Amino acid sequence: MTGRRLLLPLAAALLALPWGVGGYVTYLLTLTFIYALVAIGMNLLTGLAGQISLGHAAFFAIGAYATGLLTQRGLLPFPLALLAAALLSTGIGALAALPALRLRNLYLAIATLGFGTVVQKALFEWRGLTGGGAGLELAPPHIAGLVLNNGRALYYVALAVLALGLWCAGNVARMRTGRAMLMLRDSEIAAGTLGIGIARFRVAAFALSTFYAAIAGGLYAYLVRYINPESFGLGLSISFLGMVVVGGLGSRAGPVLGAVFFVLLPEAFRGIKDAPGLVFGLALVLAMIFLPRGLAGIAPRSWRLT
Amino acid sequence: MIGNLILGGLAAGSLYALVGIALAIVIRVTDIPNFAQGEMAMVSTFVAYSLLDRYGLGWWAAVALALGFAVLQGVAVQILVIRPLIGGPVLSAVIATLGLNIVLNSIAGMIWGHETHIFPSPLGDAPPVFVAGVPLPLDSVANIGVALAVILGVTLLLRYSWAGLALRATSQDAVMARLVGIPIGRSFALAWGLGGLAGGIAGVLVAPALFLDTNMMGALLIKGFAGGVLGGLSSLWGVFGGCLVLGVLENLVGAYLSPSFGDALTFIVLIAVLTIRPEGLLGRVRMRKV
(Lines give C-alpha, C1' and ligand atoms only; values in the text may rest on other atoms or scores of the structure.)
Protein backbone atom coordinates (compact mmCIF):
# COMPACT_ATOMS: atom_id res chain seq x y z
CA MET A 1 0.00 0.00 0.00
CA THR A 2 2.90 2.34 0.60
CA GLY A 3 3.47 2.06 -3.11
CA ARG A 4 0.08 3.48 -3.91
CA ARG A 5 0.41 6.36 -1.51
CA LEU A 6 3.70 7.36 -3.11
CA LEU A 7 2.21 7.32 -6.57
CA LEU A 8 0.54 10.75 -6.55
CA PRO A 9 3.50 12.80 -5.31
CA LEU A 10 5.74 10.85 -7.71
CA ALA A 11 3.48 11.69 -10.65
CA ALA A 12 3.35 15.36 -9.66
CA ALA A 13 7.13 15.48 -9.38
CA LEU A 14 7.59 13.85 -12.79
CA LEU A 15 5.15 16.30 -14.39
CA ALA A 16 6.90 19.31 -12.89
CA LEU A 17 10.45 18.09 -13.37
CA PRO A 18 11.23 19.30 -16.92
CA TRP A 19 10.45 22.88 -15.86
CA GLY A 20 13.01 22.75 -13.09
CA VAL A 21 15.95 21.01 -14.78
CA GLY A 22 18.03 21.72 -17.86
CA GLY A 23 17.62 20.32 -21.35
CA TYR A 24 20.24 17.62 -20.86
CA VAL A 25 18.59 16.22 -17.75
CA THR A 26 15.24 16.24 -19.56
CA TYR A 27 16.88 14.27 -22.34
CA LEU A 28 18.31 11.76 -19.88
CA LEU A 29 14.93 11.33 -18.22
CA THR A 30 13.21 10.78 -21.55
CA LEU A 31 15.85 8.23 -22.45
CA THR A 32 15.22 6.50 -19.13
CA PHE A 33 11.47 6.31 -19.88
CA ILE A 34 12.20 4.83 -23.29
CA TYR A 35 14.59 2.19 -21.96
CA ALA A 36 12.13 1.46 -19.16
CA LEU A 37 9.48 0.67 -21.79
CA VAL A 38 11.72 -1.90 -23.45
CA ALA A 39 12.59 -3.30 -20.05
CA ILE A 40 8.91 -3.68 -19.14
CA GLY A 41 8.41 -5.78 -22.24
CA MET A 42 11.54 -7.82 -21.48
CA ASN A 43 10.24 -8.32 -17.99
CA LEU A 44 7.06 -9.89 -19.34
CA LEU A 45 9.18 -12.17 -21.51
CA THR A 46 11.97 -13.06 -19.10
CA GLY A 47 10.62 -12.32 -15.65
CA LEU A 48 7.18 -13.72 -16.29
CA ALA A 49 7.42 -16.28 -19.08
CA GLY A 50 11.02 -17.26 -18.28
CA GLN A 51 12.40 -16.92 -21.81
CA ILE A 52 15.54 -15.13 -22.82
CA SER A 53 16.10 -12.86 -25.79
CA LEU A 54 19.40 -11.51 -27.04
CA GLY A 55 17.79 -9.85 -30.05
CA HIS A 56 15.56 -7.11 -28.75
CA ALA A 57 17.76 -4.37 -30.12
CA ALA A 58 16.44 -5.56 -33.50
CA PHE A 59 12.82 -4.86 -32.57
CA PHE A 60 13.84 -1.55 -31.03
CA ALA A 61 15.52 -0.78 -34.37
CA ILE A 62 12.52 -1.89 -36.43
CA GLY A 63 10.34 0.42 -34.32
CA ALA A 64 12.76 3.29 -34.78
CA TYR A 65 13.18 2.89 -38.53
CA ALA A 66 9.54 2.15 -39.30
CA THR A 67 8.27 5.10 -37.26
CA GLY A 68 10.89 7.39 -38.73
CA LEU A 69 10.28 6.34 -42.33
CA LEU A 70 6.48 6.35 -42.11
CA THR A 71 6.39 9.90 -40.74
CA GLN A 72 9.27 11.21 -42.81
CA ARG A 73 7.66 10.12 -46.06
CA GLY A 74 4.34 11.62 -44.97
CA LEU A 75 2.53 8.30 -44.96
CA LEU A 76 1.21 8.50 -41.39
CA PRO A 77 1.14 11.06 -38.58
CA PHE A 78 3.53 10.39 -35.71
CA PRO A 79 1.19 8.64 -33.23
CA LEU A 80 -0.24 6.35 -35.91
CA ALA A 81 3.21 5.67 -37.31
CA LEU A 82 4.34 4.66 -33.84
CA LEU A 83 1.46 2.23 -33.58
CA ALA A 84 1.91 0.86 -37.10
CA ALA A 85 5.61 0.34 -36.49
CA ALA A 86 4.84 -1.48 -33.27
CA LEU A 87 2.31 -3.73 -34.99
CA LEU A 88 4.81 -4.49 -37.76
CA SER A 89 7.44 -5.34 -35.20
CA THR A 90 5.00 -7.52 -33.27
CA GLY A 91 4.22 -9.44 -36.45
CA ILE A 92 7.90 -9.99 -37.12
CA GLY A 93 8.37 -10.85 -33.46
CA ALA A 94 5.66 -13.50 -33.61
CA LEU A 95 7.31 -15.01 -36.70
CA ALA A 96 10.74 -14.85 -35.09
CA ALA A 97 9.33 -16.59 -32.04
CA LEU A 98 8.30 -19.61 -34.09
CA PRO A 99 11.62 -21.39 -33.59
CA ALA A 100 11.17 -20.64 -29.90
CA LEU A 101 8.26 -23.06 -29.87
CA ARG A 102 10.60 -26.01 -30.01
CA LEU A 103 13.65 -24.64 -28.31
CA ARG A 104 14.90 -24.67 -24.80
CA ASN A 105 16.29 -21.50 -23.28
CA LEU A 106 19.80 -22.21 -24.39
CA TYR A 107 18.93 -22.36 -28.06
CA LEU A 108 16.46 -19.50 -27.89
CA ALA A 109 19.26 -17.24 -26.68
CA ILE A 110 21.39 -18.28 -29.64
CA ALA A 111 18.53 -17.98 -32.16
CA THR A 112 17.54 -14.48 -31.04
CA LEU A 113 21.19 -13.49 -31.07
CA GLY A 114 21.33 -14.59 -34.70
CA PHE A 115 18.10 -12.79 -35.52
CA GLY A 116 19.35 -9.53 -34.01
CA THR A 117 22.49 -9.70 -36.09
CA VAL A 118 20.58 -10.39 -39.32
CA VAL A 119 18.35 -7.35 -38.77
CA GLN A 120 21.32 -5.12 -38.07
CA LYS A 121 23.00 -6.39 -41.25
CA ALA A 122 19.82 -5.77 -43.23
CA LEU A 123 19.63 -2.18 -41.96
CA PHE A 124 23.20 -1.64 -43.12
CA GLU A 125 22.62 -3.16 -46.53
CA TRP A 126 19.14 -1.91 -47.47
CA ARG A 127 20.51 1.51 -48.29
CA GLY A 128 17.59 2.61 -50.47
CA LEU A 129 15.26 2.42 -47.51
CA THR A 130 17.36 2.97 -44.41
CA GLY A 131 20.24 5.07 -45.68
CA GLY A 132 22.64 2.30 -44.67
CA GLY A 133 25.64 3.17 -42.55
CA ALA A 134 25.15 6.89 -43.23
CA GLY A 135 22.12 6.78 -40.98
CA LEU A 136 18.79 8.53 -41.13
CA GLU A 137 18.08 12.06 -40.01
CA LEU A 138 14.60 12.94 -38.84
CA ALA A 139 12.73 16.25 -38.62
CA PRO A 140 10.78 16.97 -35.41
CA PRO A 141 7.49 15.06 -35.28
CA HIS A 142 3.97 16.54 -35.28
CA ILE A 143 1.06 15.53 -33.10
CA ALA A 144 -2.30 16.99 -34.17
CA GLY A 145 -0.72 20.03 -35.82
CA LEU A 146 1.66 20.70 -32.93
CA VAL A 147 5.35 20.43 -33.68
CA LEU A 148 7.21 18.60 -30.95
CA ASN A 149 10.41 20.51 -31.43
CA ASN A 150 11.59 20.79 -27.86
CA GLY A 151 12.72 18.13 -25.45
CA ARG A 152 9.94 18.85 -23.01
CA ALA A 153 7.15 17.85 -25.40
CA LEU A 154 8.73 14.49 -26.12
CA TYR A 155 9.37 14.03 -22.40
CA TYR A 156 5.64 14.21 -21.74
CA VAL A 157 4.81 11.90 -24.64
CA ALA A 158 7.31 9.34 -23.37
CA LEU A 159 6.08 9.71 -19.80
CA ALA A 160 2.47 9.14 -20.88
CA VAL A 161 3.41 6.09 -22.93
CA LEU A 162 5.46 4.71 -20.05
CA ALA A 163 2.58 5.14 -17.61
CA LEU A 164 0.25 3.37 -20.04
CA GLY A 165 2.81 0.65 -20.60
CA LEU A 166 3.29 0.05 -16.89
CA TRP A 167 -0.46 -0.12 -16.35
CA CYS A 168 -0.97 -2.60 -19.19
CA ALA A 169 1.93 -4.80 -18.07
CA GLY A 170 0.52 -4.86 -14.56
CA ASN A 171 -2.83 -5.99 -15.90
CA VAL A 172 -1.36 -8.62 -18.19
CA ALA A 173 0.62 -10.04 -15.29
CA ARG A 174 -2.39 -10.16 -13.01
CA MET A 175 -4.76 -11.70 -15.48
CA ARG A 176 -5.16 -15.16 -16.95
CA THR A 177 -2.49 -14.61 -19.58
CA GLY A 178 0.11 -13.57 -17.04
CA ARG A 179 -0.68 -16.43 -14.71
CA ALA A 180 -0.37 -18.86 -17.61
CA MET A 181 3.01 -17.37 -18.56
CA LEU A 182 4.20 -17.62 -14.98
CA MET A 183 3.24 -21.27 -14.91
CA LEU A 184 5.20 -21.72 -18.13
CA ARG A 185 8.28 -20.30 -16.46
CA ASP A 186 8.05 -22.45 -13.37
CA SER A 187 7.17 -25.73 -15.02
CA GLU A 188 6.24 -26.29 -18.62
CA ILE A 189 5.19 -29.82 -17.91
CA ALA A 190 2.83 -28.75 -15.19
CA ALA A 191 1.49 -25.98 -17.42
CA GLY A 192 0.91 -28.46 -20.23
CA THR A 193 -0.97 -30.91 -18.06
CA LEU A 194 -3.22 -28.09 -16.88
CA GLY A 195 -4.21 -27.44 -20.48
CA ILE A 196 -2.23 -24.23 -20.94
CA GLY A 197 -1.29 -23.88 -24.61
CA ILE A 198 2.49 -23.70 -24.19
CA ALA A 199 3.21 -22.66 -27.76
CA ARG A 200 0.53 -19.99 -27.80
CA PHE A 201 1.67 -18.30 -24.64
CA ARG A 202 5.32 -18.49 -25.54
CA VAL A 203 4.67 -16.68 -28.82
CA ALA A 204 2.32 -14.24 -27.07
CA ALA A 205 4.96 -13.33 -24.49
CA PHE A 206 7.57 -12.82 -27.18
CA ALA A 207 5.27 -10.77 -29.43
CA LEU A 208 4.12 -8.60 -26.55
CA SER A 209 7.68 -7.82 -25.54
CA THR A 210 8.55 -6.84 -29.10
CA PHE A 211 5.55 -4.49 -29.16
CA TYR A 212 7.01 -2.64 -26.18
CA ALA A 213 10.46 -2.59 -27.75
CA ALA A 214 9.15 -1.16 -31.02
CA ILE A 215 7.11 1.61 -29.37
CA ALA A 216 10.21 2.54 -27.38
CA GLY A 217 12.26 2.44 -30.58
CA GLY A 218 9.87 4.86 -32.31
CA LEU A 219 10.14 7.30 -29.42
CA TYR A 220 13.90 6.86 -29.38
CA ALA A 221 14.15 7.74 -33.07
CA TYR A 222 12.54 11.08 -32.36
CA LEU A 223 14.49 11.67 -29.18
CA VAL A 224 17.86 11.45 -30.90
CA ARG A 225 16.52 12.38 -34.37
CA TYR A 226 19.41 10.56 -36.03
CA ILE A 227 19.44 6.80 -36.21
CA ASN A 228 22.21 4.56 -37.43
CA PRO A 229 22.33 0.75 -37.65
CA GLU A 230 25.52 0.90 -35.59
CA SER A 231 23.56 1.73 -32.43
CA PHE A 232 21.32 -1.34 -32.57
CA GLY A 233 23.83 -4.12 -32.01
CA LEU A 234 24.22 -7.05 -29.65
CA GLY A 235 25.52 -4.74 -26.93
CA LEU A 236 22.17 -2.97 -26.77
CA SER A 237 20.27 -6.26 -26.65
CA ILE A 238 22.39 -7.41 -23.73
CA SER A 239 21.84 -4.06 -22.06
CA PHE A 240 18.06 -4.44 -22.34
CA LEU A 241 18.22 -7.83 -20.70
CA GLY A 242 20.66 -6.49 -18.14
CA MET A 243 18.32 -3.67 -17.15
CA VAL A 244 15.57 -6.10 -16.21
CA VAL A 245 17.99 -8.34 -14.37
CA VAL A 246 19.62 -5.57 -12.38
CA GLY A 247 16.28 -3.93 -11.72
CA GLY A 248 14.68 -7.17 -10.66
CA LEU A 249 13.17 -9.93 -12.78
CA GLY A 250 9.45 -10.28 -12.29
CA SER A 251 8.98 -7.13 -10.25
CA ARG A 252 6.84 -4.20 -11.29
CA ALA A 253 9.32 -1.48 -10.42
CA GLY A 254 12.30 -3.49 -11.59
CA PRO A 255 12.40 -2.46 -15.25
CA VAL A 256 12.17 1.22 -14.34
CA LEU A 257 14.88 0.92 -11.69
CA GLY A 258 17.06 -0.95 -14.15
CA ALA A 259 16.61 1.74 -16.79
CA VAL A 260 17.49 4.47 -14.28
CA PHE A 261 20.59 2.51 -13.30
CA PHE A 262 21.61 2.02 -16.91
CA VAL A 263 21.21 5.68 -17.89
CA LEU A 264 22.85 7.05 -14.75
CA LEU A 265 25.86 4.76 -14.93
CA PRO A 266 27.75 6.48 -17.78
CA GLU A 267 26.93 9.84 -16.20
CA ALA A 268 28.49 8.76 -12.92
CA PHE A 269 31.69 7.67 -14.63
CA ARG A 270 31.97 10.41 -17.22
CA GLY A 271 35.41 10.40 -18.81
CA ILE A 272 36.43 6.90 -17.71
CA LYS A 273 35.80 4.95 -20.85
CA ASP A 274 35.44 1.37 -19.64
CA ALA A 275 34.15 1.96 -16.13
CA PRO A 276 30.39 1.94 -16.94
CA GLY A 277 30.74 -1.36 -18.77
CA LEU A 278 32.72 -2.86 -15.92
CA VAL A 279 30.17 -1.77 -13.31
CA PHE A 280 27.19 -2.84 -15.43
CA GLY A 281 28.69 -6.26 -16.14
CA LEU A 282 29.63 -6.76 -12.50
CA ALA A 283 26.15 -5.70 -11.48
CA LEU A 284 24.73 -8.41 -13.76
CA VAL A 285 26.94 -11.12 -12.33
CA LEU A 286 26.52 -10.04 -8.72
CA ALA A 287 22.78 -9.58 -9.08
CA MET A 288 22.50 -13.19 -10.25
CA ILE A 289 24.54 -14.53 -7.35
CA PHE A 290 23.53 -12.33 -4.44
CA LEU A 291 20.39 -10.44 -5.43
CA PRO A 292 18.24 -12.54 -7.78
CA ARG A 293 15.37 -10.14 -7.20
CA GLY A 294 17.52 -7.21 -8.29
CA LEU A 295 17.24 -3.67 -7.01
CA ALA A 296 13.51 -4.09 -6.63
CA GLY A 297 14.15 -6.94 -4.19
CA ILE A 298 14.93 -4.25 -1.68
CA ALA A 299 11.58 -2.57 -2.34
CA PRO A 300 8.35 -3.49 -0.49
CA ARG A 301 6.42 -6.57 -1.58
CA SER A 302 3.42 -4.67 -2.92
CA TRP A 303 5.58 -3.38 -5.78
CA ARG A 304 6.28 -6.81 -7.15
CA LEU A 305 4.61 -7.94 -10.30
CA THR A 306 3.98 -11.50 -9.29
CA MET B 1 39.83 -20.28 -57.57
CA ILE B 2 37.16 -22.49 -56.12
CA GLY B 3 39.78 -24.76 -54.55
CA ASN B 4 41.30 -21.74 -52.88
CA LEU B 5 37.94 -20.63 -51.57
CA ILE B 6 37.18 -24.05 -50.14
CA LEU B 7 40.56 -24.42 -48.45
CA GLY B 8 40.37 -20.88 -47.09
CA GLY B 9 36.91 -21.70 -45.80
CA LEU B 10 38.20 -24.83 -44.10
CA ALA B 11 40.92 -22.79 -42.40
CA ALA B 12 38.41 -20.21 -41.15
CA GLY B 13 36.01 -22.98 -40.21
CA SER B 14 38.61 -24.73 -38.09
CA LEU B 15 38.99 -21.54 -36.05
CA TYR B 16 35.21 -21.44 -35.55
CA ALA B 17 35.47 -25.08 -34.59
CA LEU B 18 37.93 -24.39 -31.77
CA VAL B 19 35.49 -21.88 -30.29
CA GLY B 20 32.61 -24.23 -30.98
CA ILE B 21 34.38 -27.09 -29.18
CA ALA B 22 35.02 -24.85 -26.19
CA LEU B 23 31.31 -23.99 -26.07
CA ALA B 24 30.22 -27.59 -26.62
CA ILE B 25 32.33 -29.04 -23.80
CA VAL B 26 30.88 -26.57 -21.34
CA ILE B 27 27.31 -27.04 -22.59
CA ARG B 28 27.62 -30.80 -22.47
CA VAL B 29 28.58 -30.88 -18.82
CA THR B 30 26.86 -27.86 -17.34
CA ASP B 31 24.11 -27.09 -19.88
CA ILE B 32 25.21 -23.46 -19.97
CA PRO B 33 26.01 -21.62 -23.20
CA ASN B 34 29.01 -19.61 -22.13
CA PHE B 35 28.62 -16.19 -23.73
CA ALA B 36 31.86 -15.09 -22.06
CA GLN B 37 33.91 -17.74 -23.90
CA GLY B 38 35.03 -15.33 -26.59
CA GLU B 39 36.12 -12.64 -24.17
CA MET B 40 37.92 -15.18 -21.99
CA ALA B 41 39.88 -16.22 -25.07
CA MET B 42 40.56 -12.58 -25.93
CA VAL B 43 42.01 -11.92 -22.46
CA SER B 44 44.25 -15.01 -22.70
CA THR B 45 45.52 -13.82 -26.05
CA PHE B 46 46.32 -10.43 -24.60
CA VAL B 47 48.22 -12.16 -21.79
CA ALA B 48 50.31 -13.90 -24.46
CA TYR B 49 50.80 -10.56 -26.17
CA SER B 50 52.05 -8.91 -22.97
CA LEU B 51 54.45 -11.77 -22.29
CA LEU B 52 55.83 -11.43 -25.82
CA ASP B 53 55.90 -7.70 -26.08
CA ARG B 54 56.68 -6.47 -22.60
CA TYR B 55 58.55 -9.36 -21.02
CA GLY B 56 60.32 -10.46 -24.16
CA LEU B 57 59.51 -14.16 -23.91
CA GLY B 58 59.78 -16.39 -26.95
CA TRP B 59 56.59 -17.18 -28.90
CA TRP B 60 56.20 -20.74 -27.67
CA ALA B 61 56.94 -19.90 -24.04
CA ALA B 62 54.54 -16.96 -24.07
CA VAL B 63 51.76 -18.96 -25.69
CA ALA B 64 52.28 -21.93 -23.35
CA LEU B 65 52.01 -19.66 -20.30
CA ALA B 66 48.99 -17.89 -21.76
CA LEU B 67 47.24 -21.21 -22.36
CA GLY B 68 47.97 -22.17 -18.76
CA PHE B 69 46.34 -18.90 -17.81
CA ALA B 70 43.36 -19.75 -20.07
CA VAL B 71 42.80 -23.03 -18.21
CA LEU B 72 43.05 -21.37 -14.79
CA GLN B 73 40.74 -18.60 -15.96
CA GLY B 74 38.12 -21.14 -17.01
CA VAL B 75 38.36 -22.95 -13.68
CA ALA B 76 38.22 -19.67 -11.76
CA VAL B 77 35.13 -18.52 -13.65
CA GLN B 78 33.44 -21.82 -12.93
CA ILE B 79 34.23 -21.67 -9.22
CA LEU B 80 33.54 -17.98 -8.64
CA VAL B 81 30.64 -17.25 -10.97
CA ILE B 82 28.96 -20.44 -12.08
CA ARG B 83 29.18 -22.71 -9.05
CA PRO B 84 26.98 -20.50 -6.84
CA LEU B 85 24.32 -20.64 -9.57
CA ILE B 86 24.23 -24.40 -10.09
CA GLY B 87 20.85 -25.80 -9.16
CA GLY B 88 19.07 -22.57 -10.03
CA PRO B 89 17.50 -21.83 -13.40
CA VAL B 90 19.86 -22.04 -16.39
CA LEU B 91 18.72 -18.52 -17.21
CA SER B 92 20.64 -17.11 -14.22
CA ALA B 93 23.89 -18.71 -15.30
CA VAL B 94 23.41 -17.54 -18.90
CA ILE B 95 22.88 -13.98 -17.70
CA ALA B 96 25.94 -14.24 -15.48
CA THR B 97 28.08 -15.22 -18.48
CA LEU B 98 26.68 -12.26 -20.42
CA GLY B 99 27.66 -10.00 -17.54
CA LEU B 100 31.09 -11.57 -17.46
CA ASN B 101 31.41 -10.93 -21.18
CA ILE B 102 30.96 -7.18 -20.55
CA VAL B 103 33.25 -7.22 -17.49
CA LEU B 104 36.12 -8.92 -19.31
CA ASN B 105 35.78 -6.63 -22.32
CA SER B 106 35.92 -3.56 -20.09
CA ILE B 107 38.86 -4.86 -18.06
CA ALA B 108 40.80 -5.66 -21.23
CA GLY B 109 40.02 -2.17 -22.51
CA MET B 110 41.39 -0.66 -19.30
CA ILE B 111 44.59 -2.70 -19.34
CA TRP B 112 45.43 -2.93 -23.02
CA GLY B 113 43.34 -0.15 -24.60
CA HIS B 114 40.98 -0.44 -27.56
CA GLU B 115 43.50 0.10 -30.33
CA THR B 116 44.59 -2.81 -32.47
CA HIS B 117 47.88 -4.62 -31.87
CA ILE B 118 49.82 -6.88 -34.15
CA PHE B 119 50.22 -10.41 -32.84
CA PRO B 120 52.99 -12.40 -34.52
CA SER B 121 52.69 -15.90 -35.85
CA PRO B 122 55.61 -18.33 -35.70
CA LEU B 123 54.79 -19.37 -39.25
CA GLY B 124 54.29 -15.87 -40.66
CA ASP B 125 57.19 -15.93 -43.12
CA ALA B 126 57.00 -19.56 -44.14
CA PRO B 127 56.33 -20.21 -47.83
CA PRO B 128 52.82 -21.43 -48.74
CA VAL B 129 52.22 -25.13 -49.13
CA PHE B 130 50.56 -26.52 -52.20
CA VAL B 131 47.48 -28.64 -51.67
CA ALA B 132 46.18 -30.14 -54.91
CA GLY B 133 48.00 -27.40 -56.79
CA VAL B 134 46.45 -24.60 -54.74
CA PRO B 135 48.86 -22.40 -52.76
CA LEU B 136 47.76 -22.19 -49.15
CA PRO B 137 49.40 -20.12 -46.39
CA LEU B 138 51.06 -22.37 -43.85
CA ASP B 139 49.06 -20.58 -41.13
CA SER B 140 45.81 -21.90 -42.55
CA VAL B 141 47.11 -25.44 -42.77
CA ALA B 142 48.31 -25.14 -39.17
CA ASN B 143 44.86 -23.96 -38.07
CA ILE B 144 43.20 -27.02 -39.52
CA GLY B 145 45.84 -29.28 -37.98
CA VAL B 146 45.59 -27.68 -34.55
CA ALA B 147 41.80 -27.87 -34.53
CA LEU B 148 41.97 -31.55 -35.45
CA ALA B 149 44.58 -32.21 -32.76
CA VAL B 150 42.51 -30.44 -30.10
CA ILE B 151 39.33 -32.29 -30.91
CA LEU B 152 41.19 -35.60 -31.04
CA GLY B 153 42.87 -34.86 -27.72
CA VAL B 154 39.60 -33.95 -26.05
CA THR B 155 37.87 -37.02 -27.46
CA LEU B 156 40.63 -39.31 -26.20
CA LEU B 157 40.65 -37.61 -22.82
CA LEU B 158 36.90 -38.04 -22.50
CA ARG B 159 36.98 -41.63 -23.59
CA TYR B 160 40.05 -43.12 -21.94
CA SER B 161 40.97 -41.15 -18.83
CA TRP B 162 39.40 -41.43 -15.40
CA ALA B 163 38.79 -37.69 -15.34
CA GLY B 164 37.08 -37.94 -18.71
CA LEU B 165 34.94 -40.83 -17.56
CA ALA B 166 33.95 -38.86 -14.47
CA LEU B 167 33.16 -35.89 -16.67
CA ARG B 168 30.93 -37.94 -18.95
CA ALA B 169 29.17 -39.48 -15.97
CA THR B 170 28.56 -36.03 -14.52
CA SER B 171 27.14 -34.78 -17.78
CA GLN B 172 24.73 -37.69 -17.99
CA ASP B 173 23.39 -37.48 -14.48
CA ALA B 174 25.01 -35.26 -11.86
CA VAL B 175 23.04 -36.68 -8.95
CA MET B 176 23.85 -40.27 -9.83
CA ALA B 177 27.49 -39.40 -10.42
CA ARG B 178 27.72 -37.87 -6.98
CA LEU B 179 26.07 -40.95 -5.47
CA VAL B 180 28.74 -43.25 -6.85
CA GLY B 181 31.43 -41.00 -5.43
CA ILE B 182 32.50 -38.86 -8.35
CA PRO B 183 33.60 -35.40 -7.24
CA ILE B 184 31.29 -33.57 -9.65
CA GLY B 185 32.70 -30.18 -8.68
CA ARG B 186 35.98 -31.33 -10.15
CA SER B 187 34.26 -32.48 -13.35
CA PHE B 188 32.59 -29.09 -13.76
CA ALA B 189 35.90 -27.33 -13.19
CA LEU B 190 37.62 -29.63 -15.68
CA ALA B 191 35.00 -28.90 -18.33
CA TRP B 192 35.41 -25.15 -17.91
CA GLY B 193 39.19 -25.50 -17.87
CA LEU B 194 39.12 -27.50 -21.12
CA GLY B 195 36.74 -24.95 -22.61
CA GLY B 196 39.12 -22.18 -21.59
CA LEU B 197 42.01 -24.04 -23.20
CA ALA B 198 40.25 -24.62 -26.53
CA GLY B 199 39.09 -21.00 -26.57
CA GLY B 200 42.57 -19.75 -25.72
CA ILE B 201 44.07 -21.76 -28.59
CA ALA B 202 41.50 -20.22 -30.92
CA GLY B 203 42.45 -16.74 -29.69
CA VAL B 204 46.17 -17.27 -30.26
CA LEU B 205 45.48 -18.56 -33.77
CA VAL B 206 42.99 -15.84 -34.70
CA ALA B 207 45.07 -12.92 -33.51
CA PRO B 208 47.82 -13.20 -36.16
CA ALA B 209 45.24 -13.67 -38.92
CA LEU B 210 43.25 -10.59 -37.94
CA PHE B 211 44.49 -7.97 -35.53
CA LEU B 212 44.56 -8.29 -31.79
CA ASP B 213 41.96 -6.03 -30.23
CA THR B 214 39.34 -6.25 -27.51
CA ASN B 215 36.49 -7.02 -29.91
CA MET B 216 38.20 -9.63 -32.06
CA MET B 217 36.37 -12.62 -30.58
CA GLY B 218 32.80 -11.26 -30.76
CA ALA B 219 32.05 -12.44 -34.29
CA LEU B 220 33.95 -15.68 -33.75
CA LEU B 221 31.85 -16.56 -30.72
CA ILE B 222 28.65 -16.24 -32.72
CA LYS B 223 30.09 -18.31 -35.55
CA GLY B 224 31.25 -20.95 -33.12
CA PHE B 225 27.71 -21.16 -31.83
CA ALA B 226 26.26 -21.21 -35.35
CA GLY B 227 28.59 -23.93 -36.59
CA GLY B 228 28.08 -25.90 -33.42
CA VAL B 229 24.32 -25.73 -33.72
CA LEU B 230 24.53 -26.68 -37.39
CA GLY B 231 26.52 -29.83 -36.66
CA GLY B 232 24.93 -30.53 -33.30
CA LEU B 233 26.31 -29.27 -30.01
CA SER B 234 25.99 -32.69 -28.42
CA SER B 235 28.68 -34.19 -30.63
CA LEU B 236 32.23 -32.83 -30.81
CA TRP B 237 32.75 -34.13 -34.34
CA GLY B 238 29.41 -32.62 -35.24
CA VAL B 239 30.65 -29.25 -34.01
CA PHE B 240 33.84 -29.65 -36.02
CA GLY B 241 31.98 -30.61 -39.20
CA GLY B 242 29.34 -27.93 -38.78
CA CYS B 243 31.96 -25.23 -38.33
CA LEU B 244 33.93 -26.38 -41.39
CA VAL B 245 30.78 -26.43 -43.52
CA LEU B 246 29.91 -22.97 -42.26
CA GLY B 247 33.37 -21.62 -43.07
CA VAL B 248 33.28 -23.01 -46.61
CA LEU B 249 29.70 -21.90 -47.28
CA GLU B 250 30.51 -18.41 -46.09
CA ASN B 251 33.49 -18.17 -48.40
CA LEU B 252 31.60 -19.48 -51.42
CA VAL B 253 28.54 -17.32 -50.88
CA GLY B 254 30.73 -14.32 -50.19
CA ALA B 255 32.61 -14.82 -53.44
CA TYR B 256 29.78 -15.77 -55.78
CA LEU B 257 26.71 -13.95 -54.42
CA SER B 258 27.65 -10.93 -52.36
CA PRO B 259 30.38 -10.29 -49.79
CA SER B 260 28.03 -8.91 -47.18
CA PHE B 261 25.64 -11.81 -47.59
CA GLY B 262 28.33 -14.21 -46.42
CA ASP B 263 27.93 -13.00 -42.86
CA ALA B 264 24.16 -12.89 -42.89
CA LEU B 265 24.21 -16.46 -44.17
CA THR B 266 25.66 -17.63 -40.86
CA PHE B 267 22.58 -16.50 -39.05
CA ILE B 268 20.10 -17.61 -41.65
CA VAL B 269 21.62 -21.09 -41.47
CA LEU B 270 21.53 -20.86 -37.70
CA ILE B 271 17.86 -19.93 -37.51
CA ALA B 272 16.87 -22.42 -40.18
CA VAL B 273 18.63 -25.29 -38.41
CA LEU B 274 17.13 -24.33 -35.07
CA THR B 275 13.67 -24.26 -36.59
CA ILE B 276 13.90 -27.48 -38.54
CA ARG B 277 16.33 -29.66 -36.62
CA PRO B 278 17.34 -28.09 -33.30
CA GLU B 279 19.62 -30.97 -32.32
CA GLY B 280 21.83 -30.28 -35.35
CA LEU B 281 22.73 -32.49 -38.28
CA LEU B 282 24.80 -34.97 -36.28
CA GLY B 283 23.43 -34.32 -32.82
CA ARG B 284 21.47 -36.78 -30.78
CA VAL B 285 18.22 -35.94 -29.10
CA ARG B 286 18.69 -36.24 -25.40
CA MET B 287 15.64 -37.82 -23.86
CA ARG B 288 14.67 -36.44 -20.53
CA LYS B 289 12.49 -38.12 -17.99
CA VAL B 290 9.53 -36.13 -16.83
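Helices are DSSP runs of H or I that hold at least four residues, and they are numbered from the N terminus. The structure is a predicted model, in which local features need pLDDT of at least 70 and side-chain atom pairs count only at pLDDT 80 or more, while totals for chains, interfaces and linings use all residues. Residues are numbered from 1 along each chain as its sequence is written, chains are lettered from A in the order in which they are written, and side-chain values use heavy atoms, with hydrogens and water left out.

F290(A) lies in helix α13 of chain A, and this residue counts as exposed because its relative accessibility is 63%, where exposed means over 50% relative accessible area (1.4 Å probe, protein chains only).

Chain A and chain B meet through 36 residues of chain A and 40 residues of chain B, contact being defined as heavy atoms within 4.5 Å. About 3400 Å² is buried between the two chains, and 81% of this area is on carbon and sulfur atoms; buried area is the accessible area (1.4 Å probe) that two parts lose on being put together, summed over both. Of the area that chain B buries against chain A, 17% is supplied by L91(B), I95(B) and L274(B), more than by any other three residues. On the side of chain B that touches chain A, at least two residues come from each of α3 (59-82), α4 (90-112), α9 (216-231) and α11 (259-276) of chain B, and the largest share, 14 residues, belongs to α4(B).

Terms used
Buried means under 20% relative accessible area, exposed over 50%, partly exposed in between (1.4 Å probe, protein chains only).
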